[in-house]
Structures are given as C-alpha cells and as structure tokens.
Amino acid sequence: MVAGPCMCGQVACWVHITEVRDAGSVVRGGELRVTEGGPFRGPKKDQRRFVAELSERGVAGVVLELGSFIHSVSPDLIKEFEQRNLPLIALHVPVPFIEVTEAVNTWIVNSRSAPLIEGEKVQQELTDLALGGAGANELLDALAATLGNPLVFEREAGGIAHQARAGQPERDVLAAWTRFAEGLENAPPTIE
C-alpha cells in the first residue's frame with residue numbers, strides 16, 4: 001500500500017532504520033525512514049503528530065513493515081500521510097530491511113553518479129573532436145546536439161557569432177535569442 005505518489009518528487013538521500021519516536025533527534029531531512037511500526041503505536045492523535053513531525057523535518061518517506069507493532073494502516077493514518085504529501089510504503093510481508101536499504105542506497109548512488117558519468121562522456125567526445133581538428137563552431141554544434149537544445153555564441157560587442165540550432169529552425173532560434181537579448185518577458189529560459 002502506498003499513500004501518495006512514491007517519493008513525491010523528493011529525492012531520498014539516506015535510509016534511516018529506527019524505532020525512535022522523536023523524529024527531530026534522528027533526522028535532518030531527505031531520509032527514507034524504515035520502521036517496524038513502533039513509533040506508530042498509541043493514540044491516533046499521537047500518530048498524526050508523529051507524521052506531522054516527519055513531514056516538518058523533511059523526511060522523504062516512510063517504509064512501514066506491518067506485523068510486529070501494527071497489523072494494518074488505518075484510513076486516518078493514510079489520510080494524514082496523503083495530506084502531508086509524504087509517501088508511505090506499507091510492507092504486508094516481512095522483508096529484511098537490508099533489502100530495502102540496499103535497493104534505495106543503490107538507487108541513490110546510481111542517481112548521483114549518472115550525471116558525472118554522462119559529463120565525463122560529453123567531455124571526452126568534445127576533447128576528441130577538438131584534438132581531431134574541430135573548430136569552435138563544430139564544438140558548439142556537437143554540444144547543442146548532445147544537450148538537445150540550441151546554443152547561441154555571442155560576440156562581445158553584441159550580435160551572434162554562431163548559432164548551434166540542435167535541429168531547430170533558424171528563425172525560431174533567432175526569435176528566441178532576440179527576445180532574450182532585448183529582455184522581453186516572453187523570452188525563453190536561458191543559461192548564460
């Protein structure tokens with residue numbers, strides 16, 4: 001059972017296994033909290049307060065193994081998680097927590113290393129082009145193609161020195177650059 005969209009756009013930065021109820025003492029934010037349910041024992045108001053604390057501390061989500069301390073997740077508790085847009089993953093069968101932590105930690109490492117690997121690949125491709133005699137315009141064209149986005153190389157005094165269109169029509173790239181250069185509100189988002 002999952003309450004709310006899984007990870008709801010947040011990125012888990014760590015997996016934290018704990019049965020401690022005081023969320024503030026063990027989390028900084030971004031953690032995926034794994035528990036057998038000990039912190040969810042007690043009155044419903046205490047459960048709601050605990051979910052509120054987790055949300056306020058920026059916890060990325062909760063993995064709750066049912067059985068040891070609680071046998072099912074009440075609709076009220078599910079609603080509390082949903083209202084706070086905090087993912088709740090209820091495990092209905094025992095799962096070794098090492099499997100949860102390994103899966104999430106592998107995802108974390110892979111998601112953080114993928115951009116670095118891709119960046120190194122692009123750097124090597126551009127280096128190979130430059131060593132092969134490619135000029136600045138060819139390098140800009142290759143970079144625009146890799147990014148899938150047009151690049152405009154401006155002269156210091158103003159005007160376009162080269163436009164790497166990445167498959168976009170020249171008129172569209174020129175129109176977008178003109179809107180940007182003139183500071184118009186409908187200019188596309190850019191990076192200088």
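Let's begin with Gln47, which sits in helix 1, the stretch covering residues 44-56. The model we are looking at is predicted. Gln47 has a relative accessible area of 12% and therefore counts as buried, given that the cut-off for burial is under 20%. Which residues does Gln47 touch, once its neighbours within four places in sequence are set aside? The contacts are with Arg21, Phe40, Gly42 and Leu77.

Phe40 is a handy guide to the next stop. Along with Val62, Leu64, Val73 and Phe81, Phe40 touches the most other members of the largest nonpolar core, a set of 17 residues. At least two residues of this core come from each of helix 1, strand 4 (61-65), helix 2 (75-83) and strand 5 (88-91). As background, nonpolar side chains tend to be buried together in soluble globular proteins.

Now on to a pair of helices. Helix 3 (residues 97-131) packs against helix 4 (residues 136-147) with the axes 10 Å apart and an angle of about 155° between them. How are the two helices oriented to each other? Because angles over 145 degrees count as roughly antiparallel, helix 3 and helix 4 are roughly antiparallel to each other. The crossing of helix 3 past helix 4 is right-handed. On the helix 3 side, the contact is made by Val122, Glu125, Leu126, Leu129 and Ala130, and helix 4 brings Leu139, Ala142, Leu143 and Thr146. Sorted by class, this contact comprises 7 nonpolar residues, 1 polar and 1 charged.

Definitions and conventions: Residues are numbered from 1 along each chain as its sequence is written. This is a predicted model: local features need pLDDT of at least 70, side-chain atom pairs count only at pLDDT 80 or more; totals for chains, interfaces and linings use all residues. Side-chain values use heavy atoms; hydrogens and water are left out. Helices (H or I, at least four residues) and strands (E, at least two) are DSSP runs, numbered from the N terminus. Buried means under 20% relative accessible area, exposed over 50%, partly exposed in between (1.4 Å probe, protein chains only). Contact means heavy atoms within 4.5 Å. Axes are lines fitted to C-alpha atoms, for helices over the stretch in contact, and angles run from 0 to 180 degrees between N-to-C directions. Angles under 35 degrees count as roughly parallel, over 145 as roughly antiparallel, 65 to 115 as roughly perpendicular and the rest as oblique. A crossing is left-handed if the near helix is turned anticlockwise from the far one by less than a right angle, and right-handed if clockwise. Ala, Val, Leu, Ile, Met, Phe, Trp, Tyr, Cys and Pro count as nonpolar, Asp, Glu, Lys and Arg as charged, and the others, Gly among them, as polar. A nonpolar core is a set of buried Ala, Val, Leu, Ile, Met, Phe, Trp, Tyr and Cys residues joined through side-chain atoms within 4.5 Å.
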